[in-house]
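This report describes one protein chain, moving from a single segment to the overall fold and then to individual residues. The sequence and the structure are shown first.

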Amino acid sequence: MAEAERVIGTPDTPEAASGPEQSSGPGGQQGAEARPRGRRRIAVLFAVATFAYALDLVSKMIVVARLEHHAPIEIVGDWLRFEAIRNAGAAFGFGEAFTIIFTVIAAAVIVVIARLARKLYSLPWAIALGLLLGGALGNLTDRIFRAPGVFEGAVVDFIAPKHFAVFNLADSAIVCGGILIVLLSFRGLDPDGTVHKD
């Protein structure tokens with residue numbers, strides 16, 4: 001987990017973690033202002049995660065109730081349709097023989113994000129990590145509670161573009177969060193709000 005924090009730019013020292021927003025001015029007023037700002041960023045993270053998770057959960061409930069064991073629904077001709085499938089692998093159907101491994105990875109991602117939240121002072125990072133957290137929780141819920149068993153459950157996928165793998169909203173949140181993290185890293189923006197140039 002420490003390695004994961006290092007890779008995505010979390011500072012390793014308390015001085016770096018404080019960032020420019022936390023540097024104490026006269027009377028320590030700037031540090032006092034940074035603490036509420038950090039709490040607001042954490043609130044954004046969990047709000048985005050809750051929204052992504054709820055949207056994924058509701059969509060899967062509807063798919064299981066209305067679409068599973070029924071003919072696919074064409075949305076844009078044969079270019080996009082809704083088709084319920086159960087996926088025991090990772091996002092987009094990869095690695096179906098390693099369900100338990102992907103379950104452990106999803107749980108580890110959630111733990112790492114929870115640890116990063118303590119040092120979070122960047123709004124874009126809060127949104128990106130919120131998307132990752134919501135998507136990971138969405139698919140982890142399937143792994144735990146769906147057949148064939150606990151930590152081996154198959155994820156419900158239903159968005160089926162032509163000539164592409166079938167996926168769900170949790171997968172979309174994870175991909176969008178990952179792309180945003182890559183863009184932030186290229187810009188040199190760290191989760192603590194500092195900007196660095198290599």
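## Annotated transmembrane segments

Residues 165–186 are 82% helix and 0% strand, with end C-alpha atoms 28 Å apart. This stretch is one of those that UniProt, in an unreviewed entry, lists as "transmembrane region"; the record gives residues 42–67, 87–113, 125–145 and 165–186. The coordinates discussed throughout belong to a predicted model.

## Overall architecture and confidence

The protein chain contains six helices and three strands. Read from the N terminus, the order of elements is α-α-α-β-β-α-α-β-α. Of its 198 residues, 38% count as buried. Among contacts between residues at least 6 apart in sequence, 66% join residues at least 24 apart.

The average pLDDT of the chain is 82, and 77% of the residues score at least 70. Residues 1–29 stay under 50 in pLDDT, and the model has 43 contacts for them beyond four places in sequence. Where pLDDT is low, the predicted coordinates should not be read in detail.

Helix α4 covers residues 99–116, 18 residues in total. From its first C-alpha to its last it reaches 26 Å, close to the 26 Å expected at 1.5 Å a residue. The buried residues of α4 are T99, T103, A106, I110, V112, I113 and L116.

Helix α5 comprises the 23 residues 123–145. At the start of α5, a side-chain oxygen of S122 comes to within 3.4 Å of the backbone nitrogen of W125.

## The strands

Strand β1 (residues 73–76) and strand β2 (residues 80–87) run antiparallel and are joined by three bridges. Within this pairing, E74 has R81 of β2 as its bridge partner. Three residues lie between the two strands of the hairpin, where G77 takes a positive phi near 55 degrees.

β2 is also joined to β3 by six bridges, again in an antiparallel arrangement. Here R86 has V156 of β3 as its bridge partner. β3 is mostly covered, as six of its seven residues are buried. In a regular strand the side chains alternate between the two faces of the sheet.

## F158 and S59

Which residues surround F158, beyond its neighbours within four places in sequence? F158 is found in β3 (residues 155–161), and the residues in contact with it are S59, V63, R81, F82, E83, A84, V166, F167, N168 and L169. Because its relative accessibility is 6%, under the 20% cut-off, F158 counts as buried. F158 also lies 8.8 Å from L67, C-alpha to C-alpha, although 91 residues separate the two in sequence.

S59, one of the contacts of F158, has its place in helix α3 (residues 29–66). With residues up to four places away in sequence set aside, S59 touches F158 and L169. S59 counts as buried because its relative accessibility is 12%, under the 20% limit.

## The annotated active-site residues

UniProt places the feature "active site" at D157 and D171, in an unreviewed entry. D157 lies in strand β3, whereas D171 is found in helix α6 (residues 169–187). Are these two positions buried or exposed? D157 is buried, with a relative accessible area of 1%, and D171 counts as buried at 2% relative accessibility.

Apart from neighbours within four places in sequence, D157 is in contact with E83, A84, I85, N87, V166, F167, N168 and D171. The two residues annotated in the record are therefore in contact with each other in the model, because D171 is on the contact list of D157 and contact means heavy atoms within 4.5 Å. The side chain of D171 also makes a polar contact of 2.9 Å with the side chain of N139.

Notes
Residues numbered from 1 in each chain as written. Predicted model: local features only at pLDDT ≥ 70, side-chain atom pairs only at ≥ 80, totals over all residues. Heavy atoms only, no water. Helix = DSSP H or I, 4+ residues; strand = E, 2+ residues; numbered from the N terminus. Expected span 1.5 Å × (residues − 1). Buried < 20%, exposed > 50% of the residue type's maximum accessible area, 1.4 Å probe, protein only. UniProt positions renumbered as here; feature names shortened; annotations may be inferred. Polar contact = N/O pair within 3.5 Å; in protein donor to acceptor, adjacent residues only side chain to side chain. pLDDT = per-residue confidence, 0-100. Pairing = 2+ DSSP bridges.
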